[in-house]
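Me: Could you walk me through this one? I'll ask as I go along.
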Amino acid sequence: MFKKILIANRGEIAIRIMRACKELGIKTVAVYSDADKNALHVRHADEAIHIGDSSPKESYLNMDKIIDAAKKTKADAIHPGYGFLSENASFAGKVASAKLTFIGPSADSIRAMGDKAESKIRMKQAGVPVVPGFEGLESENDFNKAAKEVGYPVLVKAAAGGGGKGMRVVNNESELSESIESAQREALNAFGDERLLIEKYIPNAHHIEFQVFGDQHGNLVHLFERECSVQRRHQKIIEETPFPLLTPHLREEMGEAAVKAAQAVGYFNAGTVEFIVDPDTLQFYFLEMNTRLQVEHPVTELVVGLDLVQWQIRVAAGERFPYSQEQLTQRGHAIECRIYAEDPAHGFLPSTGVLLQFIEPRGPGIRVDSGFRAGDEVTHFYDPLLAKLIVHAENREIAIQRMRAALKEFIVHGVITNIDFLQAVLSHSDFRNGEVTTRWVETNFNWALPSEPSFESLIAAALADLTIVNRQPKIENRSGPDPYSPWKNLSGFRNS
Amino acid sequence: MKLNFNGVTLDISSNGKTFTLTLDDKTIQAEVFHTENGRLDLLVDGNRILAYVSSDNAKRWVTVNGQTFVLTKSSGAKRSGGKHDHAGELTAQMPGQIRAVNVSEGDAVTKGQTLLVLEAMKMEIRIHAPQDGVVKKLFVKQGQTVEREQVLVTMENG
């Protein structure tokens, strides 16, 4: 087993991985950029190495600096988390060349699946159903022809991509050229590769993915589905498992297709095979495979009862994954809500600032994977994910109730969040009926903040001014090393 | 004393441990029985209310019953005429970097046309023309870092 692991990531996922390492008795090394000098993930690690400027290119995407940090600290393995370098085959290769272990699949598997164009061709060969479309396009003319042949609306997406970056829905020809330009720019910036492919856009579909897991001795299984159709900007915000649309038969069929897809590229470690499912026909199509741990892995962990990150580390160290497909079952229901620093009332624009208050909910069946605490600054450099709120309950209905109660107790001040928005989605009958498809948020869901502040909020603000705010000592240095909190010098004040 | 949040004036008097608040011609009796780390346990007309309040200069972040409002405290004197109206001035909604400048000064543009592309948090935010008009002045260049509320471009109606 490894003695020390470097975590090439930040935020909640870096902390999540460090927890698994600690439980396994493995030392941890954090890396950080200028902006993350005081970040929570740095404090969780046994050692921390500064790797550069705040811009991701200079820090979390800088392969050489990360590998140097691993060598310098004598780490034996690197866990990439998700995003950043997690699906970068040349990084996985460089890690191996430096005689370190990359905690994830082989560089070849990443390469095969990372290229959305190549992976589609491979899947067709392996007999996995794929979305109709074209790969290998270059000139504007190629794109025009391909889009016409597939038929609008089409989806333009980065061949190297994932996570909704470099992806655009194009409704008609007049939008095509600007969408391509902007998708290329975003793709180049996010993945260093501007190639795009075009496929048929299936608007009213469920996004349902299968977790797969394999060891280096040939055992490869699936860990059931996750439904992730509640999305904005093609990025997931709510995920759950199991999903009622899947009959036992369909679940088995899709699970087998997922395993077949992974086997076709010699896969081991944790991966996710994404499908889109037409709810009317129950036809499913391979979308892509994410060759890494997913943001939403906790819902699977809760329902299957396994610690996926611990198993990632163990199989990377050469251990056998001891469970056969028949031994794996789903117990209860789990839902995840992603708490983002963004403003749903203004096009989900990211919101930045210092967290004045950050209180996570607690209780039976509630898990919070978070990367922030009060006093931290949310900057514009990175993804605006603050935390993941995950609940587990005996069935879907109770899980929804539990999530709604927990969201009410998640208090974030200082940046605008999507908490009220998530609450509204969960209470909508379409969500309760399991009828939310991937475009639902954009097209079917009318949501607006109440235009007037509530009566109670005005009273609370006034009473706070009289009892706390005016008594607070002036804090001059907001950017000092101590977390800024307007309340930190106050002891429990009692009026009576 | 009087306090004003978001244009609503609350008249408050304190009578030992209870407060009497008047707003919108309604009178409410309230009591603050505990405060701790920005959390207030209140009794408002006999109902227990748990509120979280944070202050940032004139801003108040208030969460009651799971719903969060951002209120602005004003200094009491009622403003007439509303806010300054910077018509034609387009500002950065958040800090970030200018990825692309698609227009030049003097260009005639149509409503909805993309003028600039701002990148923040790995996302592209397109700055569109709010109406048909002419680009009066460009204040930014490609690659430039901008702050929130910074003026990027001004427009004149065509």
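Reply: In chain A, residues 24 or more positions apart account for 65% of the contacts with a separation of 6 or more, two residues being in contact if their C-beta atoms, placed from the backbone, lie within 7 Å. This is a predicted model, in which local features need pLDDT of at least 70 and side-chain atom pairs count only at pLDDT 80 or more, while totals for chains, interfaces and linings use all residues. Residues are numbered from 1 along each chain as its sequence is written, and chains are lettered from A and ligands numbered from 1 in the order in which they are written.

Me: How many helices and strands does chain A have?
Reply: Chain A has 16 helices and 23 strands, taken as DSSP runs numbered from the N terminus (helices are H or I with at least four residues, strands E with at least two).

Me: What order do the strands of the 8-stranded open sheet follow?
Reply: The order in chain A is β14-β13-β10-β11-β12-β15-β22-β20, with antiparallel pairing; two strands pair if DSSP finds at least two bridges between them.

Me: And which strands stand at the edges?
Reply: Those are β14 (284–290) and β20 (366–370) of chain A, each with a single partner strand, so one side of each is left without a neighbour in the sheet. Neighbouring strands are turned by 25 degrees against each other on average, direction ignored, with axes fitted to C-alpha atoms (for helices over the stretch in contact) and angles running from 0 to 180 degrees between N-to-C directions.

Me: Which helix touches β14 there?
Reply: Helix α9 (residues 248–263) of chain A packs on the sheet, touching β10, β11, β13 and β14 of chain A, and its direction makes about 105 degrees with that of β11(A). Helix α11 (residues 308–316) of chain A also packs on the sheet, touching β10 and β13 of chain A, at about 125 degrees to β13(A).

Me: Switching to the contact with chain B, how many residues does it take?
Reply: The contact takes 45 residues from chain A and 52 residues from chain B. On the chain A side, α16(A) gives the most, with 12 residues.

Me: How confident is the predictor in the complex, and in chain B?
Reply: For the complex, the predictor gives an ipTM of 0.84 and a pTM of 0.83. Chain B has a mean pLDDT of 86, with 92% of its residues at 70 or more, pLDDT being the predictor's confidence in each residue, from 0 to 100.
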